[in-house]
Amino acid sequence: MCGVVGILGHDYVAQDMYDALVTLQHRGQDAAGIISFNGRFHTRKDFGLVRDVFHTRHMKRLQGYAAVGHTRYPTIGKNVLEDVQPFLGPAPFGVVLAHNGNVYNAPELREEIFTKDHRLVNSDCDAEVLLNLLTKALTKQNPDHLKPEHVWKAVESVHKRAKGSYSTVAYVAKQGMIAFRDPYGVRPLVMGKRTSGLATDYIFASESVTLDILGFELIGDVGPGEAVFIDEKDRKVYRKRITRRTHIPCIFEYVYFARPDSILDDISVHKSRVRMGRKLAVKIKKAKLDIDVVIPVPDSSRTAALAIAEELDIRYTEGLIKNRYIGRTFKMPGQKIRKKSIRYKLNPMKLELEGKKILLIDDSIVRGNTSRRIVQMMQDSGAKKIYFASYYPPVKHTCPYGVDIPTKEELIAHELSVDEICKSIGADKLFYADIKDVFDSCIKGNKNMKDMCMACADGKYKTGVTEKELLAHASDRSTSRICASLDERSDQDQQLNLV
Ligand code: SF4
């Protein structure tokens, strides 16, 4: 999961790009990058939060009327600058590209690109593979000026070769901006415009919240398997559905990743979380527990927790206070420091916990370590009972579509039953949302939506490959997973949605 943005404007767009990346900071805090164009490409990429990567001197250098930007959440690749997006290719015309997702056959493609095309993919990042596929298919057509037909053909070729999820934005020097999604549309991508006088600027972004904040009007989503080309000369927008498959967006975007104020694929993230909360409340109600307060694990669980509290008619309160100014913890050396860091990030408020029977709401339970530590912290603060409710069903399977879900063996729900998990995390009772309830809560927002991905919960991989094949690819790629993301990142980073 990463944040991706493309802006085709008229004058200096780097400030808008910076602001856009800040709005998508929750989608990736590991690194950030911008490549802008004003007749030449200008690059700034580094590790860290957006505010740490771009200083005044960098912003002054990022001149240009077009730019592609990225916030990185590493699922594949080493912790080296070579893997940080966007990527730049020289031909045709000069192309900059960034994407969000995971091309799971990237290792084979990398090899193919080297042996057949005699091009070197220098990084472990899928974006560079996509860049090579796209630019090769464009160059092959030898265009004097890029036309929509060239783009459609090139994206069709990418669709045929790249397997997995990829919501992609590319800018071709002096030709225009290209955006496309994989045939299943797993990761989100929206587009918008902003008109001032006779000039219209265009934007592509991972979430609609970026458009709201920057004052762009939402045109809509880039559809699954669709390509969009904005010709730089006449600023006309061309769209074509290149490959037709059932749309299978990631349901976890609605559960946890996306900001609640975003609308993705016509579905409000906020409303989905409210519906998930209400449905889970019905299940909790049946247990007839004596509950004093409902407390969310901040931040993503708040919306569902509020809905649960309303439905149960029980007081909602904040009992865990989050320090928003703590950066990444996964670079901290040693387990002790990481364990301590959860206390730095989340402080239990004794006043609201002591002597109380608490219904604690979280979005999901992955390894269980964070849940265990939170329960322990609350018990240490005097909580009498802790009933834990996860508004996502047990996470039992890995994700091949760009989310850093640990191997099956590391997932607490892989082998343990709900009662065993409850015991393991030290809670007095554990509730999980039902798969059907979560599915219905999300899909309800869009009448045209027929299906969604819930593979990490139900094990149904719907992109035409078996779990076995996906896992084989995953283990191929795990050799390159020596980055800090999995080994050193504690799962509270994944669960706490640090901004
Ligand atoms: Fe999203 Fe889970 Fe599907 Fe991955 S497996 S795309 S996290 S729903």
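1. His 118 is placed in the loop between α4 (106-115) and α5, and in this predicted model the residue has a positive phi of about 55° although it is not a glycine. Is His 118 buried or exposed? With a relative accessibility of 65%, His 118 counts as exposed, because the cut-off for that word is a relative accessible area over 50%.

2. Two cis peptide bonds deserve a look in the loops. One joins Gln 85 and Pro 86, with omega at about 0°, and Pro 86 belongs to the loop between β4 and β5 (87-89). Another runs from Pro 298 to Asp 299, where omega is near 5°, and Asp 299 sits in the loop between β16 (293-296) and α10 (302-312).

3. Strand β1 (residues 3-8) is largely enclosed by the rest of the structure, because six of its six residues are buried. Both of its faces are covered, with Gly 3, Val 5 and Ile 7 buried on one side, and Val 4, Gly 6 and Leu 8 buried on the other.

4. Which strands does β1 pair with? It is joined by six bridges to strand β4 (residues 66-72), and the two run antiparallel, with Gly 3 standing opposite Thr 71 in β4. β1 also pairs in the antiparallel sense with strand β10 (residues 199-205), over four bridges, and here Leu 8 stands opposite Tyr 202.

5. Helix α6 (residues 148-161) has 14 residues and reaches 20 Å from its first C-alpha to its last, which is close to the 20 Å expected at 1.5 Å a residue. Its buried residues are Pro 148, His 150, Val 151, Trp 152, Ala 154, Val 155, Val 158 and His 159, and these pack against α5 (126-139), β7 (164-172), β8 (176-181), β12 (226-231) and β13 (237-241).

6. An open sheet is built from five strands in the order β17-β16-β20-β21-β22, with parallel pairing. The edge strands, each of which pairs on one side only, are β17 (315-316) and β22 (429-432). Strand β21 (residues 385-390) is joined to β22 by four bridges, the two running parallel, and Tyr 387 has Lys 429 in β22 as its bridge partner. Helix α9 (residues 269-286) lies across β20 (357-362), β21 and β22, and runs at about 145° to β22.

7. Thr 407 belongs to the loop between β21 and α14 (412-415).

8. The last point concerns the ligand, and the residues around it are Val 186, Arg 187, Cys 250, Ile 251, Phe 252, Cys 399, Tyr 401, Val 403, Cys 453, Met 454, Ala 455 and Cys 456.

How values were computed: Residues numbered from 1 in each chain as written. Predicted model: local features only at pLDDT ≥ 70, side-chain atom pairs only at ≥ 80, totals over all residues. Heavy atoms only, no water. Near = heavy atom within 4 Å. Expected span 1.5 Å × (residues − 1). Buried < 20%, exposed > 50% of the residue type's maximum accessible area, 1.4 Å probe, protein only. Contact = heavy atoms within 4.5 Å. Pairing = 2+ DSSP bridges. Axes fitted to C-alpha atoms, helices over the stretch in contact; angles between N-to-C directions.
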